[in-house]
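Thanks, everyone. I'll take a few pieces of this model in turn. Please have the viewer open.

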Amino acid sequence: MSTDKKAIRAAVAARVEQARDDLVRITQELVRIPSVNPPGDYARMAEAMFENYRAEGLEPMVVEAPREEIEALGLTVPRPNVVARVRGKGSGPVFCLDAHMDVVGTGNESAWSHPPFGGELHEGRIYGRGAEDTKAHLAVQLIVYRALREAGVELQGDLLLTSTVDDEIGQWPGMGYLIERGFKENGFPRPDYHIAGEPTGIDTVGCLARGRLWYEYVLKGRPAHGGNPAEGINAVDRAIDLANAVRRFEIHEDPLMGATTVNLGILQGGEAVNVVPERCRITFDIRPARKKEVVKAFMDRTVQELQARDPDFVVESMRLLNDRQTGGIGPDHPFVKTVQDVVGELTGKSVVPTGNMAGYSSLGNAYWTSMNGVAGIMYGGGDFSRAHTVDEYVTADELVETAQVFAGLVIELCA
Ligand SMILES: [Zn+2]
C-alpha cells in the first residue's frame, strides 16, 4: 500500500467522522421504513434509497428482473434494485458496495424494549429490525461516497452502489439477477470486487460458505387396509428407509466452514391410522462443506441402491428446492489480504477470514458474485449474533468505523 493512499485514507476518514450525525440519522430513517421479507415490501425503501443517492448528487436507476421471471419464483412484484454509478476517470477495477433492503420479521413485538421500526437512538445505539442487518450498510454507502467526493478523491475505476432485494430469502431477483444480467442489460460495468455489506464485525470477513441443497422426495406406495398391510406398499416406511440411508452421508469437516450438516425437515404422509399410506413427502436440508456434486452423487446412488434392493421403493417425484454450490473466494484471495491491510492501517485490528458466521454458513449476496467470478465477500460492521434477534441494534461507532474502512478500500482499489 502506498503512503499517498494512506494520507488520502486518513483525510477521508476524518470526513466520515464529521458525517457521524448524518450516518446515524440516515440509518434511523431507513430502519423506520418496514421492509419485511417475506413478502418483500420494497416500494418505500427503494424510493428512499433512490432519493438518498440523488441527494448525494448521483443519478440512480431502478433495475428490476423481468416480471415473469420473478413471478415464476413465486414472488410478488415490484422487486426493485436501485443502482448508482460513480464513474472513474480511467480504467481501474470496478468496485461494488452493496447492501440488501429487506429485513426479516420482528417476531413477538412485545418482547422488544424498543419498537422494531422506531429507529430509536439510546446511548450511541440505534435500535430496530434491520439496524445492523443491513440498513446500516445502506447508510454507509452514502457517506462513503460523500466523504470521497468532499475530499476530492479521483477514482480511476467505477464505484457501484447497490440497494438490492431478496437477500433474506436467498432469492435471485437481487444480486443474482444483477450479476448475471441486470448490470449488463442496463449499461453498468461488471464489478471486479463486491462487498455484501452485512454485520460480520469489522474484524471478520466472510469468504466461504457451505452449500445448500434442499431435497424434496415424494414416495409412492399402494393403499390397503391397515389390518392387512401385506396387501399394500407403505410409502412412509419407504421414506424412513430413505432417511436412514441419508443418515450415512459422510460428514466432512472444513477448517473454515465447519462440518457438513443434514437436517430432515419434513416427513409427512398417511391419511388414517388404519390405512397403509399411499404417499409420503420427505425433505432434507443438506449443507455440505465440500462441493455440492458430492451430495448429488450420494443422493442419486442412495436412491438407486434402495430401488435395486426393494422393487416397491418408488419415487413419484424429486425436486431440488435449493441448489447452492459450496465455496467463495477463500481466505487466500488477494482481496482478503487487501481488507486485512486496510483495516490494520485504519483501526489497528486484525481481520480473520471465516466460512462459518455465527455457527451458520452464508455469504449473503456475495454468494452470487463469487459464483460468477467476482471477488465477492460478506463484510461490515456490527455483530452477527445481534442480527435477526429482538432489540437488534448498531452503534454509531460501528457505522463510522465501517464507512472509514469501506472508503479506505475504495481508495485502495479504485483511486
Ligand atoms: Zn443481511
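**A covered strand**

Start with β16. Both of its faces are covered: Ala375, Ile377 and Tyr379 on one side, Gly376 and Met378 on the other, all buried. Buried means 20 or more other C-beta atoms within 10 Å of the residue's own; exposed means 12 or fewer, partly exposed is in between, and C-beta atoms are placed from the backbone. In a regular strand, side chains alternate between the two faces of the sheet.

Some ground rules. This is a predicted model: local features need pLDDT of at least 70, side-chain atom pairs count only at pLDDT 80 or more, and totals for chains, interfaces and linings use all residues. Residues are numbered from 1 along each chain as its sequence is written. Helices (H or I, at least four residues) and strands (E, at least two) are DSSP runs, numbered from the N terminus.

Which strand runs parallel to β16? β7, residues 193-197, joined to β16 by 5 bridges. Two strands pair if DSSP finds at least two bridges between them. Ile195 has Ile377 of β16 as its bridge partner.

Next, an open sheet of 3 strands, antiparallel, in the order β4-β5-β17. Its edge strands are β4 (121-122) and β17 (393-395), each pairing on one side only. Between β4 and β5 (residues 125-127) there are 2 bridges, antiparallel. Helix α5, residues 131-150, packs on this sheet and touches β5 and β17. Its direction makes about 45 degrees with that of β17. Contact here means C-beta atoms, placed from the backbone, within 7 Å. Axes are lines fitted to C-alpha atoms, for helices over the stretch in contact, and angles run from 0 to 180 degrees between N-to-C directions.

Now α5 against α11, residues 396-414. The two axes come within 9 Å and cross at roughly 55 degrees. The pair is therefore oblique: under 35 degrees is roughly parallel, over 145 roughly antiparallel, 65 to 115 roughly perpendicular, and the rest oblique. From α5, residues including Ala136, Ile143 and Leu148 meet α11 residues, among them Leu399 and Phe406. By class, that contact has 12 nonpolar, 1 polar and no charged residues. Nonpolar means Ala, Val, Leu, Ile, Met, Phe, Trp, Tyr, Cys and Pro; charged means Asp, Glu, Lys and Arg; the others, Gly among them, are polar.

**One loop proline**

Last stop: Pro80, in the loop between α4 (67-72) and β2 (81-86). Is Pro80 buried or exposed? Buried, because 24 other C-beta atoms lie within 10 Å.

Note on methods
Two residues are in contact if their C-beta atoms, placed from the backbone, lie within 7 Å.
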